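Open the model in your viewer and keep the selection panel at hand.

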Amino acid sequence: MTDRRDLQTFHPFARLNGLLDGVPAGRSAIDVPGLAPGAPILLSVGEPQNQPPAFVAEEVARAAAGWSRYPPPRGTDAYADACLAWLTRRYGLPTGLIDPQRMFLPLAGTREGLFFAALATTPATPGPGEKPAILLPNPFYHVYAGAAAAAGAEAIHVPATRETGFLPDYGALPPEILARTTLCYYCSPANPQGAVADLAQLQDLIVLARRYGFTIAFDECYAEIYTETPPPGALEAAVALGGALGGGALDGALDNMLVFHSLSKRSSAPGLRCGFVVGDPRQVRAIEGLLRVGSAGVPLPVIAAGTRLWQEESHATANRARYQANFAVAERVLGNRFGFRKPAGGFFLWLDVGDGESATLALWREAGIKVLPGAYMCAGGTGGTGGDNPGTPYVRIALVYDAALTEAALARLGEIL
Ligand SMILES: Cc1ncc(COP(=O)(O)O)c(C=O)c1O
């Protein structure tokens, strides 16, 4: 188990910096508008490179009086209304499904909520003989593992590989592990593989969590970035299942689940730090308690800008079109090399290059292209599922620039690898 005082050890970018430390960047030889000649190309971080709509700055300025106030932990009614209206539109939910007073919280992005979910669901002092477990996909977003370690739980890394359709099959775990599970993380669209769960998979997981009494943290921060069809959401699955006790009543419909959304990818605004969680009132309350002691909150001017962003669709549609164009480029340039397949969602390529670390070094040294070795997003050996690190053959590439740069960078990558 990772010591909570040493969470940097498995941070993927700390490991990437270690790998490239002292290795000079090659000249990219990529000539695209807006890029200084020979400048390195950073495809390692999933940070959108286009700007959020101009009205963000206007809304922040209009709400500037809010800078003199501490952020209210429950945000504003207008923010809650905008988020719930968006969810209702996006997923075709029945009105009244989510009580904003008990089942909703604003968050400074999904990361802090995903982190606090582990603390909220896992007992600080487990009883004698108890060994809480937190389930996470392998590969995984590093915050899941950090949160499990901080909560003092055993992290169970469940393969999300080609063989499992790039999503974890938690239902295949032994009942002994499920019985001591407090939380599981489920990311759809998945970072890094871009796999999307269908409604039946989401429903099965909710049923499993209710049977064993654990909570699911549905990480849906890539929900708005997809190549063809809008990914189904956990809330739709919960509605289709009816209430926690069955029978179609909506009371208890969100039991055992927390659903996380963010403006970071939808609106290309990761710097705004603005998102929300909806779900099981017991867990939402526990997260609120933790946020009130451990979070800086979401400032009112940010809440004002966030309100408008959740209300507005056209910028999100344009944003999605950018990523779709990048994937069309990737399909054209890569064909079926490196196991390429157009992912259903997200904005990453997860390419099988044989040896992710040496490919990363070669791309950096020869062309100043920075990518992330897949192994750095996975646990292997004793930390994983007992086998080798499933990310070893892969690199993750974030397609966060425009189509011209994407085309040039992928063509260069093809030459080098
Ligand atoms: C899978 C996944 N979840 C959550 C986050 C956190 O995003 P934010 O806190 O900006 O909403 C990220 C960010 O890259 C991510 O990749």
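Where does the ligand sit? It sits in the largest pocket. Keep in mind that this is a predicted model.

Stop 1: Select the ligand, then the residues around it.

Stop 2: Show side chains for Ser-262, Ser-264 and Lys-265. A polar side-chain atom of Ser-262 is 2.6 Å from an oxygen atom of the ligand. For Ser-264, an N or O atom of the side chain also lies 2.6 Å from a ligand oxygen. At Lys-265, the distance from a side-chain N or O atom to an oxygen of the ligand is 2.8 Å. On its own the ligand has 390 Å² of accessible area, and the protein covers 91% of that.

**Stop 3**

**Stop 4: Arg-273.** Follow the chain into the loop between helix 10 and strand 8 (275-279), where Arg-273 lies. Check its backbone: phi is positive, about 55 degrees, although Arg-273 is not a glycine. Most residues other than glycine have a negative phi.

**Stop 5: two cis peptide bonds.** Most peptide bonds are trans. Select Asn-138 and Pro-139. The bond from Asn-138 to Pro-139 is cis, with omega near 10 degrees. Pro-139 is in the loop between strand 3 (133-138) and helix 6 (142-150). Move on to Ser-188 and Pro-189. A cis peptide bond joins this pair too, with omega about -10 degrees. Pro-189 is in the loop that runs between strand 5 (181-187) and helix 8 (199-212).

**Stop 6: the whole chain.** Zoom out and switch to cartoon. The protein chain has 15 helices and 12 strands. Its radius of gyration is 21 Å, close to the 22 Å that the globule rule gives for 417 residues, so the chain is as compact as a globular protein of that length. Along them, the C-alpha atoms fill a box of roughly 60 × 55 × 40 Å.

Methods: Residues are numbered from 1 along each chain as its sequence is written. This is a predicted model: local features need pLDDT of at least 70, side-chain atom pairs count only at pLDDT 80 or more; totals for chains, interfaces and linings use all residues. Side-chain values use heavy atoms; hydrogens and water are left out. A polar contact is a pair of N or O atoms within 3.5 Å; within protein, one must be able to donate a hydrogen and the other to accept it, and residues adjacent in sequence count only if both atoms are side-chain atoms. Accessible areas come from the Shrake-Rupley method with a 1.4 Å probe; for residues, only the protein chains shown count as cover. On a 1 Å grid over the protein atoms alone, a cavity is a set of points where a 1.4 Å probe fits but cannot get out, and a pocket is an open set with protein on both sides within 12 Å along at least five of seven lines; lining residues have an atom within 4 Å of a point. A molecule sits in a cavity or pocket if more than half of its atoms lie within 2 Å of its grid points. Helices (H or I, at least four residues) and strands (E, at least two) are DSSP runs, numbered from the N terminus. The radius of gyration is taken over C-alpha atoms; the globule rule is 2.2 Å times the number of residues to the power 0.38.
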